[in-house]
Amino acid sequence: MPRSPTPRANFGSVHYSGPERRVADRRQAPIIEVRPTYAYVDAGAMVHNLRTVQAAVGPRCRVLAVVKADGYGHGAIEAARTFVDAGAWGCAVSLVEEGVELRQAELRAPVLVLGGVHPGSEDVIVHRSLTPVVWAREHLQLLSAAVRRSGAPPLPIHLKIDTGMSRLGALPGQLPEFLDWLEGEDGQYLRLEGVMTHFACADEPDDVTSPRQLESFRDSLAVLASRGFHPPIRHVCNSAGLVRLPHAHFDMVRPGVAIYGAASSREVELPGLKMAMSVHSRILGIRELPAGARVSYGHRMELNRPSRLGIVPVGYADGYPRRMSGQAQALVRGHRCRVVGNITMDVSMIDVTDLPDAREGERVTLLGPQGRDRIDAYELARWADVIPYEILCGISKRVPRRG
């Protein structure tokens with residue numbers, strides 16, 4: 001029979017040396033920083049964004065801060081600490097490895113692993129007190145065996161139901177078999193703390209899918225209740241969902257890009273957010289070139305006037321996409337300057353002809369505010385023909401984060 005909920009493990013007692021394989025940390029910033037290109041991460045903006053979400057969902061709804069993909073490029077450890085200190089219930093990651101990183105940084109809040117249970121990860125999950133998202137009988141078998149071996153208390157798990165995303169999750173028709181297993185002898189080692197699904201089209205302007213998904217989710221909750229299962233945490237909404245579907249907030253929401261100050265499009269952005277990341281560099285030198293000169297790889301750009309071009313040490317290896325070539329702009333002295341020619345791996349060229357006093361060492365803003373203007377993630381995404389998520393997550397590790 002279903003068991004009454006047991007208290008969450010005391011994270012203060014977790015022992016931080018476990019069975020996971022040790023690897024060198026390749027994600028550390030360079031020992032020295034010489035190049036003037038860097039990303040500034042505004043922790044105050046992230047706190048503001050989290051509290052904006054909290055105000056939107058109300059005091060009875062938990063907020064699970066999604067910090068996967070290195071905190072959407074903002075730095076997972078610092079982002080997680082910032083959000084938890086500001087009142088997030090816990091953090092979500094995609095990979096067990098990402099969860100271990102947070103535990104090694106002594107984050108003691110709940111850490112939900114969205115990506116399932118890969119064979120070989122079960123002992124790490126238990127040892128690090130991670131909370132796995134599950135949807136297959138194999139997940140349950142691996143986890144219960146790991147808990148039994150460890151002698152740990154029952155492990156909290158969150159069941160994911162596939163209501164229409166057609167990606168991860170148990171289909172509604174598979175729920176009886178899943179619940180049968182939990183009611184069996186090995187089910188005593190696990191605790192069904194949460195149940196969830198994921199919207200496929202919440203950010204689409206003509207979304208007719210989310211209401212059908214919600215209906216399927218509610219039907220699944222009824223099946224659980226008929227079997228005596230009442231998970232205390234039900235969660236559905238991502239960043240777009242919490243804006244467009246306030247009746248689907250349930251017990252918790254899972255904002256990702258919103259808590260960093262953006263959305264998949266302006267139409268689904270939560271009002272009042274502040275962009276948390278900006279990217280800056282400096283002009284390394286000025287090239288004075290005649291009309292007719294061709295610039296950068298492929299010579300696809302021909303200057304139509306005598307020009308002064310600034311050399312900026314940032315390129316696609318830094319997450320400044322090459323496909324923005326011919327469209328991108330940067331800010332110098334608060335003025336917009338065209339990026340000229342193909343963006344290369346390490347260097348871009350900007351046209352400062354209309355700023356005759358611009359000199360070597362001038363500050364260049366590639367993302368964020370400068371003076372009275374700003375370049376936001378939506379613009380970069382439009383120039384690159386991607387979504388803002390890709391811009392933020394794509395800022396590479398060789399760009400130092402400052403805050």
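## Side-chain contacts in a predicted model

The side chains of D351 and R305 meet in a salt bridge, at 3.5 Å from N to O. (A salt bridge here is a side-chain nitrogen of Lys or Arg within 4 Å of a carboxyl oxygen of Asp or Glu.) Keep in mind that this is a predicted model, where local features need pLDDT of at least 70, side-chain atom pairs count only at pLDDT 80 or more, and totals for chains, interfaces and linings use all residues. Residues are numbered from 1 along each chain as its sequence is written, and side-chain values use heavy atoms, with hydrogens and water left out.

**More on D351 and R305**

- Helices (H or I, at least four residues) and strands (E, at least two) are DSSP runs, numbered from the N terminus.
- D351 is buried, with a relative accessible area of 7%, and R305 is partly exposed at 29%.
- As for those words, buried means under 20% relative accessible area, exposed means over 50%, and partly exposed is in between (1.4 Å probe, protein chains only).

**Other salt bridges**

- In total, the structure holds 22 salt bridges.
- One of them joins the side chains of K397 and D70, at 2.6 Å from N to O.
- Here, too, distant parts of the chain get linked: K397 is in the loop between helix 11 and strand 20 (401-402), D70 is in helix 2, and they are 327 residues apart.
- K397 is partly exposed, with a relative accessible area of 37%, whereas D70 is buried at 19%.
- D373 and R336 also meet through their side chains in a salt bridge, at 2.8 Å from N to O.
- That pair links strand 19 (residues 373-375), where D373 is, with strand 16 (residues 335-340), where R336 is, and the two residues are 37 apart.
- D373 counts as partly exposed at 24% relative accessibility, and R336 is partly exposed at 31%.
- Then there's a network of salt bridges, which links R35, D318, D346 and R398.

**Aromatic pairs**

- A pair of aromatic rings is described by the distance of the centres and the angle of the planes.
- Rings of Phe, Tyr and Trp (its six-membered ring) pair if their centres lie within 6.5 Å; planes under 30 degrees apart count as stacked, over 60 as edge-to-face and the rest as tilted.
- The structure holds four aromatic pairs.
- Y72 and Y389 form a tilted one, with 6.1 Å centre to centre and 40 degrees between the planes.
- Y72 lies in helix 2 (residues 68-72) and Y389 in helix 11 (residues 388-394), so this pair ties together parts that are 317 residues apart in sequence.
- Y72 is buried, with a relative accessible area of 6%, but Y389 is partly exposed at 24%.
- F83 and Y260 form an edge-to-face pair, with 5.6 Å centre to centre and 75 degrees between the planes.
- Again the pair links distant parts of the chain, 177 residues apart: F83 is in helix 3 (residues 76-85), and Y260 is in the loop between strand 9 (252-253) and strand 10 (277-282).
- Both F83 and Y260 are buried.

**A charge over a ring**

- The charged end of R402 sits over the ring of Y38, 4.0 Å from its centre.
- To count as sitting over a ring, NZ of Lys or CZ of Arg has to be within 6 Å of the ring centre and within 35 degrees of the ring normal.
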